[in-house]
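Hello,

Here is the structure I promised to pass on to you. Please have a look at it first, and then read my notes below.

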Amino acid sequence: MTPRSGPPRRPDGGVATTQAFYSRWARLYDAIARRSPGVQSLRERAAERLAPPEGGVVVDMGCGTGANLPHLSTRVGPAGRVLGVDFTPGVLAVARDRLRSRGANDGATPGTSTGVVRGDATRPPVRDADAVFASFVSGMLGDPAAAVHHWADVVGPGGRLGLLDLARSTHPLGRPLNGLFRGVVRATSPPGTRSRVSESPATLLDRRVVAAHRALFDRCVDVEHETHALGYARLSVGTVAEP
């Protein structure tokens, strides 16, 4: 994994507001990311489906407070390396505190090199890896399809690519709860974001998630797609194809 030099891109277009929002609520976000019912089993299943090579390098794009890191570490083993990338200082501070206080393991495989770095997931500070994973990130990106194509370029042909996202459900048992889901999405959107788009936050989220997963299907072979949590959670993994 080769890091790129240079500072993060200068915040604009609401990036600074989004950073401040997630930094302010980093501890609450961490509790939700780790303790919501079923979320850890989803993360574990996603890491299992991603199936990075033992001893390989995995990059967790938009890693937040690092909830995926122990699951990914388990998959690559003690000879592997896991790197989390996020652009928000507050959530990275929480992730670094946890890595320091628990010996960089937090339930992960002892010996695995695990760390986090500040960077833009749409312009990741790495040039190569064996696998890239992103959870609950696609809906935050202005052009999620372009980001997925970039991640596919990072791992190259034969590399593994995985996405785990939330969107409104099309499942018969989940659809009646879509109104509640819309309210949660609106309530948790950073302030000011709604004024910059003409569609509702939930509609925008759906559109971005669909675009990201379609891009993964476009770039990968042997794609596995699953839905969980009454259709609200969508998991797609695949192997990047030759051009």
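How many of the 7 residues of strand β5 (residues 160-166) are buried? The count is 6, so the strand is mostly covered; buried means under 20% relative accessible area, exposed means over 50%, and partly exposed lies in between (1.4 Å probe, protein chains only). Helices (H or I, at least four residues) and strands (E, at least two) are DSSP runs, numbered from the N terminus.

Before going on, a word on the model. It is a predicted one, where local features need pLDDT of at least 70 and side-chain atom pairs count only at pLDDT 80 or more, while totals for chains, interfaces and linings use all residues. Residues are numbered from 1 along each chain as its sequence is written, and side-chain values use heavy atoms, with hydrogens and water left out.

Back to β5 and its neighbours. Two strands pair if DSSP finds at least two bridges between them. Strand β4 (residues 131-135) runs parallel to β5, with 5 bridges joining the two.

Next, have a look at helix α3 (residues 39-50). Just after the helix, Ala51 has a positive phi of about 50°.

Now for the charged residues. Side chains of opposite charge can pair when their charged atoms come close. A salt bridge is a side-chain nitrogen of Lys or Arg within 4 Å of a carboxyl oxygen of Asp or Glu, and the structure holds 8 of them. Arg49, buried at 19% relative accessible area, has a salt bridge to Glu48 (3.5 Å, N to O). Arg49 also forms a salt bridge with Glu224, with the closest N and O atoms 3.9 Å apart. Arg49 lies in α3 and Glu224 in strand β6 (residues 220-228), so this pair ties together parts that are 175 residues apart in sequence. Glu48 is partly exposed at 38%, and Glu224 is partly exposed at 36%. A network of salt bridges links Arg45, Glu48, Arg49, Glu224 and Glu226.

Another salt bridge joins Arg100 and Asp97 (2.5 Å, N to O). Both lie in helix α5 (residues 89-101), 3 residues apart, which is about one turn of the helix. Arg100 is exposed at 60%, whereas Asp97 is partly exposed at 33%.

Finally, the cysteines. How many disulfides does the structure hold? There are 0, a disulfide being a pair of cysteine sulfur atoms within 2.5 Å. Cys63 is buried at 5% relative accessibility, and Cys220 is buried at 8%.

Enjoy exploring it!
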